Amino acid sequence: MKITILHDLIRWEEKALYEAAKKRGVEVSLLDVKDEAFDVTREYDGKFGDVALQRSTSYYRGLHTSAIVESLGIPVINGFTILSITGNKLFTTLYLRRNNVPTPRTLVAFSPEKALEAFRMLGGKAVIKPVVGSWGRMVALLDSYYSAKAVIEEREYMDPLYQVYYLQEFVNRPPRDIRAFVVGDRVIAAIYRNQPEGDFRTNTALGGKAENCPVTREIEDLALRAAKAIGDGVYGVDMMETENGVVVHEVNGTVEFKNSVSVTGVDIPGKIIEYAVNRVKR
Ligand SMILES: Nc1ncnc2c1ncn2[C@@H]1O[C@H](COP(=O)(O)OP(=O)(O)O)[C@@H](O)[C@H]1O
Ligand SMILES: [Mg+2]
């Protein structure tokens, strides 16, 4: 049994996964996808082992290298199909919706005029997000007509990706959200992410403080339903508490868990390695 960790950066997570594999007597190697010229038309020479973990921080590197490795018949966690959905907030919303997973009301427009109309339809307070992106980057709260107009106008001068206007109702929630960790068919841990001073975004990358969150039946059920809507894999399911129950606003297909291990005490990397080993045995 050999696991390959595909990465473009070695963070705490990649080291922890490597150590967790070693500890279980599983052969493991780290492969920086930037150090490779992938000969995609040649026969497979065993280079990627029996199963690969996709850990690239870049969405495009991850998506493409998952496609390459998977095409050789090697399971990749997460694979191309999953990453193509989770890497895009609109596609994720569509999958959640189709599978009746509660998610905030979302409107999508392809011109500044219709984006402003969407903003009005959402009641004059909305969150605009790039469909591809993470760590809260460029996720902006539009809370007045003029700020909405300005943010939308600026996007006209950016890459076409930013002209896919994805606007979501602003969810009235406590100053925190919830991140649940799904590994296969289990929710292994959850954290609250407390909003930092001076921001509405709770991402730990922006200073959101992680705190253990008990996995209630509701959280477990929602996280598993969200994961099931997308496929068998490893996920970080982001949720918000509303007056009418919990809603899922994002499903992450490449998860960071450094802060979560320390506050939950759950061996997240160990569980991911065990899941990868089982995927090969199945
Ligand atoms: N509809 C919303 N209402 C209120 N807060 C939101 C909403 N959507 C996102 N947020 C806040 O912004 C953060 C980042 O948004 P998210 O959709 O998770 O994008 P990212 O991929 O950048 O993490 C969330 O963790 C949450 O704190
Ligand atoms: Mg998020």
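User: How many helices and strands are there in the chain?
Analyst: This is a predicted model. The chain has 9 helices and 13 strands.

User: What makes the radius of gyration agree with a compact globule?
Analyst: The rule is 2.2 Å times the number of residues to the power 0.38. For 282 residues, that puts a compact globule near 19 Å. The chain has 19 Å, so the two agree. The C-alpha atoms fill a box of roughly 55 × 45 × 35 Å along the principal axes.

User: What share of the residues in the chain is buried?
Analyst: Buried residues make up 39% of the 282. To count as buried, a residue needs 20 or more other C-beta atoms within 10 Å of its own.

User: What part of the contacts comes from residues 24 or more positions apart?
Analyst: Take the contacts with a separation of 6 or more. Residues 24 or more positions apart account for 64% of them.

User: Why is Val 266 called partly exposed?
Analyst: Count its C-beta neighbours. Val 266 has 18 inside 10 Å, so it counts as partly exposed.

User: Where does Val 266 lie, and which residues is it in contact with beyond four places in sequence?
Analyst: Val 266 sits in the loop between helix H8 (258–264) and helix H9 (268–281). Beyond four places in sequence, its contacts are Ile 188, Ala 189 and Val 261. Val 266 and Ile 188 are 78 residues apart in sequence. Their C-alpha atoms are 7.5 Å apart in space.

User: Which residues of helix H5 are buried, and how do you know which side of H5 they are on?
Analyst: In H5 (residues 112–121), the buried ones are Ala 115, Ala 118 and Phe 119. They cover an arc of only 100 degrees around the axis, so they are on the same side of H5. An α-helix has 3.6 residues a turn, so residues three or four places apart point the same way.

User: What does the face of H5 turned away from the buried side carry, and what covers the buried residues?
Analyst: The face turned away carries Glu 113 and Arg 120, both exposed. The cover over the buried residues includes strands S5 (106–109), S6 (126–129), S7 (140–142) and S8 (165–169), along with helix H6 (145–155). After H5 comes Gly 123, with a positive phi near 90 degrees.

User: Which residues are closest to ligand 1, and which elements give two or more residues to its shell?
Analyst: Of the 21 residues that surround ligand 1, the closest are Gln 168, Val 171, Arg 201, Thr 202 and Glu 250. S6, S8 and strand S13 (245–252) each give two or more residues to the shell. By class, the shell has 7 nonpolar, 7 polar and 7 charged residues.

User: Which domains each give the shell around ligand 1 at least three residues?
Analyst: Domain 2 (106–169) and domain 3 (173–281) each do. The chain's division also has domain 1 (2–85).

User: How do you know that domain 1 and domain 3 are in contact?
Analyst: Contact requires C-beta atoms within 7 Å. On that count, 22 residues of domain 1 are in contact with 17 residues of domain 3. On the domain 1 side, helix H1 (12–23), strand S3 (51–54) and helix H3 (80–86) give two or more residues. H1 gives the largest share, 6 residues. That side divides into 14 nonpolar, 4 polar and 4 charged residues. The C-alpha centres of the two domains lie 22 Å apart.

Key:
Residues are numbered from 1 along each chain as its sequence is written. Chains are lettered from A and ligands numbered from 1 in the order in which they are written. This is a predicted model: local features need pLDDT of at least 70, side-chain atom pairs count only at pLDDT 80 or more; totals for chains, interfaces and linings use all residues. A residue is buried if 20 or more other C-beta atoms lie within 10 Å of its own, exposed if 12 or fewer, and partly exposed in between; C-beta atoms are placed from the backbone. Helices (H or I, at least four residues) and strands (E, at least two) are DSSP runs, numbered from the N terminus. The arc is that of the directions from the helix axis to the C-beta atoms. Two residues are in contact if their C-beta atoms, placed from the backbone, lie within 7 Å. A residue is near a molecule or strand if its C-beta atom, placed from the backbone, lies within 6 Å of it. Ala, Val, Leu, Ile, Met, Phe, Trp, Tyr, Cys and Pro count as nonpolar, Asp, Glu, Lys and Arg as charged, and the others, Gly among them, as polar. Domain bounds come from an automatic or database domain assignment.
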